[in-house]
Amino acid sequence: MLFLWLYMFYSCAGSCAGLAARGSPAPPRAAPPLPPLLPGEPGEESSLEEQRAAPDAGSPISSFFNGSGTKRLPQAIIIGVKKGGTRALLEFLRVHPDVRAVGAEPHFFDRNYERGLAWYRDLMPKTLEGQITMEKTPSYFVTKEAPARISSMSKGTKLIVVVRDPVTRAISDYTQTLSKKPDIPTFESLTFKNRTTGLIDTSWSAIQIGIYAKHLENWLLYFPIGQILFVSGERLISDPAGELGRVQDFLGLKRIITDKHFYFNKTKGFPCLKKAEGSSKPHCLGKTKGRTHPDIDQEVVQRLRDFYRPFNMKFYQMTGQDFGWD
């Protein structure tokens with residue numbers, strides 16, 4: 001009798017617990033916290049929404065890939081330059097099924113290096129075998145410590161630099177700052193240390209970034225020139241498929257992104273995607289891209305062209321490419 005009573009007790013314990021669990025609603029799960037927002041490079045920053053959606057804004061394709069695969073350190077990085085066209089290049093590249101990229105700029109090798117490689121890897125999207133992990137942070141190109149740090153991570157990292165006429169780039173840089181700080185001094189007054197003597201103020205970042213040859217010398221201490229691809233910001237607008245073809249070859253990818261992916265938006269003045277990654281709708285870069293530049297004194301523009309000319313010539317020699325900026 002005692003045995004029968006114990007048998008009934010233990011049998012009820014399991015089944016009754018299950019009934020109780022089914023009869024009582026489970027307490028609601030707390031929503032997972034949003035990932036910490038990453039600082040953006042002025043001029044190339046991602047919006048709050050973009051950062052929270054990074055890396056891939058929750059498309060069906062992205063959700064599939066994010067559910068499987070492995071987080072890896074990037075095999076390729078777009079390292080520069082600010083206002084050169086890096087955001088456009090990244091958005092175009094993300095159409096390729098074998099490219100997985102972080103949406104927001106990690107700024108690991110310039111601002112967050114002390115957080116460590118494990119932190120950096122955790123920011124990356126998951127990839128399957130044969131896919132390439134990428135990120136872009138335009139300020140790396142002008143950060144003195146960045147080449148050694150990236151080389152320390154992997155000497156085989158492929159680097160991409162999007163360059164643009166340094167005079168136009170400087171004006172674009174200024175235009176963006178002006179949109180945020182309308183009371184800043186004029187472009188002309190910031191350009192010169194002394195306008196009477198015509199001495200250019202190379203300490204102003206808008207001018208300094210465009211001295212490409214100087215920055216490239218630092219990178220060549222750690223990476224061979226063949227491991228760096230230089231993309232023309234001008235040709236990225238006039239012939240996006242052609243430039244993307246070069247990038248895909250450089251990354252060892254099949255040429256999937258072609259003319260059929262682009263259309264030219266006359267209002268914005270640059271190419272847009274017919275279909276963005278994971279979407280069936282056309283996609284153009286946001287309103288912060290393609291701003292109208294202010295009128296700049298043509299004498300100042302010419303002085304800047306004269307200033308940059310020797311640096312441009314050296315850059316052409318170093319890269320083996322004539323970008324035609326004069």
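Me: Which residues of helix 6 are buried?

Reply: Happy to start there, with the reminder that this is a predicted model. In helix 6 (residues 146–153), the buried residues are Ala146, Pro147, Ile150, Ser151 and Met153.

Me: What makes these buried residues line one face of helix 6?

Reply: Looking down the axis of helix 6, the buried residues fall within an arc of 155 degrees, so they line one face of the helix. Their cover includes strand 2, helix 5, strand 6 and helix 10.

Me: Why is lysine 83 called buried?

Reply: Buried means under 20% relative accessible area. Lysine 83 has 8%, so lysine 83 is buried. This residue lies in the loop between strand 2 and helix 4 (86–93). UniProt, in an unreviewed entry, lists Lys83 under "active site", and such annotations may be inferred rather than shown by experiment.

Me: What makes strand 2 "mostly covered"?

Reply: A simple count does it: five of the five residues of strand 2 are buried. Strand 2 also has partners in the sheet. Three bridges join strand 2 to strand 5 in parallel, with isoleucine 77 opposite glutamate 135 of strand 5. Four bridges pair strand 2 with strand 6, again in the parallel sense, and here glycine 80 stands opposite valine 161.

Me: How do you know that strand 6 and strand 9 pair?

Reply: Pairing takes at least two bridges between the strands. Strand 6 (residues 158–163) and strand 9 have five, so they pair, and they do so in the parallel sense. Within this pairing, leucine 159 stands opposite isoleucine 228 of strand 9. Helix 10 (residues 212–219) packs on the sheet and touches strand 2 (76–80), strand 6 and strand 9. The direction of helix 10 makes about 160 degrees with that of strand 9.

Me: In what order do the strands of the open sheet come?

Reply: The five strands come in the order 3-5-2-6-9, with parallel pairing. Strand 3 (99–101) and strand 9 (228–232) are at the edges, each with a single partner strand, so one side of each has no neighbour in the sheet. From one strand to the next, the twist averages 25 degrees.

Me: Why is the contact between glutamate 105 and lysine 136 called a salt bridge?

Reply: The rule asks for a side-chain nitrogen of Lys or Arg within 4 Å of a carboxyl oxygen of Asp or Glu. For glutamate 105 and lysine 136 the N to O distance is 2.7 Å, so the pair qualifies. Glutamate 105 sits in the loop between strand 3 and helix 5 (117–123), lysine 136 in strand 5 (residues 132–136), and the two are 31 residues apart. Both glutamate 105 and lysine 136 are buried.

Me: How many salt bridges does this rule give?

Reply: The count comes to 16. One of the linked groups is a network of salt bridges made by Lys82, Arg169 and Asp173.

Me: What makes lysine 314 "partly exposed"?

Reply: Lysine 314 stands at 36%, so it counts as partly exposed. Glutamate 217, at 35%, is partly exposed too. The side chains of lysine 314 and glutamate 217 meet in a salt bridge of 2.4 Å, N to O. This pair links helix 13 (residues 298–319), which holds lysine 314, with helix 10, which holds glutamate 217, 97 residues apart.

Me: Why is aspartate 326 called exposed, and what is arginine 309 called?

Reply: Exposed needs over 50%. Aspartate 326 has 52%, so aspartate 326 is exposed. Arginine 309, at 30%, is partly exposed. The two form a salt bridge, with their closest N and O atoms 2.9 Å apart. Arginine 309 is in helix 13, while aspartate 326 is in the segment after helix 13, 17 residues away.

Me: And for the whole protein, how many helices and strands are there, and what share of residues counts as buried?

Reply: The protein has 13 helices and eleven strands. Of its 326 residues, 45% count as buried. Among contacts between residues at least 6 apart in sequence, 73% join residues at least 24 apart.

Terms used. Residues numbered from 1 in each chain as written. Predicted model: local features only at pLDDT ≥ 70, side-chain atom pairs only at ≥ 80, totals over all residues. Heavy atoms only, no water. Axes fitted to C-alpha atoms, helices over the stretch in contact; angles between N-to-C directions. Contact = heavy atoms within 4.5 Å. Buried < 20%, exposed > 50% of the residue type's maximum accessible area, 1.4 Å probe, protein only. Arc of directions from axis to C-beta.
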